[in-house]
Amino acid sequence: MVDILAGSNGRRTIDSVAASNGHHETLGATNGHNGYPTQLQITENELWLLSYYRESELAGALLMGRLARETDDDDLRIRLTEHCAEEARHAWAWTETILKVGGTPKHVSETYQSRYHAAVGNPSNLLEVLALTQIFERRVVRHFRAHQSWPGTHPEVLRTLQQLIDEEAGHIRWVKDRLDAYAAVNGESVVKEMLDRFKRVDEEVYNELKQYASCFEKVAGPKQSGGDSIEQRLRRVAGESLGREPTEIGLDASLVEMGVDSLDLVVFMMAVEEEFQVEFTREQQKGMRALADIARVLQRQPQLNKSSA
């Protein structure tokens with residue numbers, strides 16, 4: 001999903017990682033579903049990267065679905081819904097690709113979007129939605145083209161990269177048309193300024209990620225919690241999910257009072273589970289009306305108590 005290893009000009013900038021793609025390790029995998037290979041045919045680092053692509057596509061589908069529900073623009077609602085469906089299909093394409101190369105998707109602790117969100121928050125108007133989508137999709141296409149050039153890339157991965165490049169191009173076209181229409185009414189300088197803003201953010205995110213190119217598990221794998229308490233971590237996750245400062249969030253405030261609707265709740269609970277590396281049961285979630293309820297459930301998790309002891 002992201003141009004982690006290629007620079008903004010689309011050229012490969014980290015030769016060591018590209019070279020590592022030519023040395024495929026044969027590792028055992030807990031696969032074997034529906035006749036797929038049982039031995040991993042790519043490196044563990046590549047598996048983490050493909051899993052990151054997959055998770056970012058899922059995050060993109062959720063974001064586009066949320067924006068489609070919120071917009072008052074009838075045409076944009078249709079476009080975003082279609083975009084949501086396609087991002088979900090892309091997530092499955094990467095899932096199937098991982099299975100075909102003998103792996104199973106890794107549990108990824110963050111996505112490109114989560115880093116992006118930390119920098120810019122939720123898009124708050126039509127121009128921000130369009131500009132964010134345009135810059136993000138251009139980054140996707142540039143990176144996937146760069147990935148195609150890496151020596152030793154598995155044929156199944158190459159096929160999926162080309163499929164997604166072809167489909168992402170359609171996203172860029174419709175967004176460009178809408179941006180041109182917006183510029184015609186509101187001025188080209190307004191659109192250019194917004195696009196430049198998101199370009200800068202995108203480059204910052206890329207520069208943060210590229211140092212982990214050869215050890216991507218450090219980005220996508222389980223995170224160390226440091227010395228923060230469960231409550232502090234929960235406030236931080238809530239702040240990132242809702243676009244608010246963690247200090248503004250009270251543990252006793254209900255999720256409804258904080259503006260968490262049904263779709264927000266799905267995204268938020270996924271973010272909490274990723275942060276704490278847990279999976280809530282349906283019964284546990286029924287009793288979660290406020291952050292304090294979630295904190296009490298987390299405090300009863302043996303692995304969290306052990307780590308905080």
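Is tryptophan 94 buried or exposed, going by its relative accessibility? Tryptophan 94 has 0% relative accessibility, so it counts as buried. This is a predicted model.

**Nonpolar cores**
- The largest nonpolar core holds 51 residues. Those with the most contacts inside it are Tyr52, Leu80, Trp94, Tyr116, Phe144 and Phe198.
- Several helices each supply at least two residues of this core, including H2 (44-70), H3 (74-100), H5 (126-148) and H7 (188-210).
- H5 gives the most to this core, with 10 residues.

**Helix H5**
- H5 has 23 residues. It reaches 33 Å from its first C-alpha to its last, close to the 33 Å expected at 1.5 Å a residue.
- Of the 23 residues of H5, 18 are buried, so the helix is largely enclosed by the rest of the structure.
- At the start of H5, a side-chain oxygen of asparagine 125 comes to within 3.2 Å of the backbone nitrogen of leucine 127.

**Aromatic pairs**
- The whole structure contains eight aromatic pairs.
- Tyrosine 52 and phenylalanine 216 have ring centres 4.9 Å apart and planes at 85°, so this pair is edge-to-face.
- Tyrosine 52 lies in helix H2 and phenylalanine 216 in the loop between H7 and H8, so the pair ties together parts 164 residues apart in sequence.
- Tyrosine 52 is buried at 0% relative accessibility. Phenylalanine 216 is buried too, with a relative accessible area of 1%.
- Tryptophan 94 and phenylalanine 144 also form an edge-to-face pair, 5.8 Å centre to centre with 65° between the planes.
- That pair links helix H3, which holds tryptophan 94, to helix H5, which holds phenylalanine 144, 50 residues apart. Phenylalanine 144 counts as buried, at 0% relative accessibility.

**Around phenylalanine 198**
- Ring pairs join Phe198 with Tyr112, Tyr116 and Phe136 in a cluster.
- Leaving out residues up to four places away in sequence, phenylalanine 198 touches Tyr116, Val120, Glu128, Ala131, Leu132 and Ile135.
- The charged end of arginine 197 sits over the ring of phenylalanine 198, 5.1 Å from its centre.

**Threonine 71**
- Threonine 71 lies in the loop between H2 and H3. Its relative accessibility is 14%, so it counts as buried; the cut-off is under 20%.
- The side chain of threonine 71 reaches the backbone nitrogen of aspartate 73 at 3.1 Å.
- Threonine 71 touches Leu76, Arg77 and Leu80, not counting residues up to four places away in sequence.

How values were computed:
Residues are numbered from 1 along each chain as its sequence is written. This is a predicted model: local features need pLDDT of at least 70, side-chain atom pairs count only at pLDDT 80 or more; totals for chains, interfaces and linings use all residues. Side-chain values use heavy atoms; hydrogens and water are left out. A nonpolar core is a set of buried Ala, Val, Leu, Ile, Met, Phe, Trp, Tyr and Cys residues joined through side-chain atoms within 4.5 Å. Buried means under 20% relative accessible area, exposed over 50%, partly exposed in between (1.4 Å probe, protein chains only). Helices (H or I, at least four residues) and strands (E, at least two) are DSSP runs, numbered from the N terminus. Contact means heavy atoms within 4.5 Å. A polar contact is a pair of N or O atoms within 3.5 Å; within protein, one must be able to donate a hydrogen and the other to accept it, and residues adjacent in sequence count only if both atoms are side-chain atoms. The expected span of a helix is 1.5 Å times one less than its number of residues. Rings of Phe, Tyr and Trp (its six-membered ring) pair if their centres lie within 6.5 Å; planes under 30 degrees apart count as stacked, over 60 as edge-to-face and the rest as tilted. A charge sits over a ring if NZ of Lys or CZ of Arg is within 6 Å of the ring centre and within 35 degrees of the ring normal.
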